[in-house]
Amino acid sequence: MTQVLQRLATMLRNEDRMRSAIRGALAYPTVLLIIAIAVLFAVVFFVLPQFSQVFELIGVHFEEDGERQLKDLVKLLEPAVIVVMGALVGFIVASVMLPLFDFSSASGCR
């Protein structure tokens, strides 16, 4: 009976040492997890709003720049569009008038 109690006491001591070793081993990752959550909280609620203000200012600048570039592009393309439209109108007029000229020359009217 004494051997059983001694073995039980030894087993309980070993179990208690194991439990404290596991708690000690889990303390470091727990602290790191808490620090990581705090850093993530700080980034989300303090740093990102600053970036949104910066991006809004940059967006206003690039929006004005983009509008200016678009206006310059329209100024360059406007004459080309007028020439293309003129050619299209000329083609349509020629398509309508050529059959009329062919018809008048075939009927002998000059």
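Rings of Phe, Tyr and Trp (its six-membered ring) pair if their centres lie within 6.5 Å, and planes under 30 degrees apart are stacked, over 60 edge-to-face, and the rest tilted. Take Phe-41 and Phe-45: their ring centres are 4.7 Å apart with planes at 50°, so that pair is tilted. Next, Phe-41 and Phe-46 have centres 6.4 Å apart and planes at 80°, so they go down as edge-to-face. Ring pairs join Phe-41, Phe-45 and Phe-46 into a cluster.

Quick note on the source: this is a predicted model, where local features need pLDDT of at least 70 and side-chain atom pairs count only at pLDDT 80 or more, while totals for chains, interfaces and linings use all residues. Residues are numbered from 1 along each chain as its sequence is written, and side-chain values use heavy atoms, leaving out hydrogens and water.

Now, how many helices and strands are in the chain? There's 1 helix and 0 strands, where helices (H or I, at least four residues) and strands (E, at least two) are DSSP runs, numbered from the N terminus. Phe-41 and Phe-45 sit 4 residues apart in helix α1 (residues 2–107), so about one helical turn separates them.

Buried or exposed? Phe-46 is exposed, at 55% relative accessible area, and Phe-41 is partly exposed at 47%. Buried means under 20%, exposed over 50%, partly exposed in between (1.4 Å probe, protein chains only). Of the chain's 110 residues, 0% count as buried.

Finally, the C-alpha atoms fill a box of roughly 140 × 40 × 15 Å along the principal axes.
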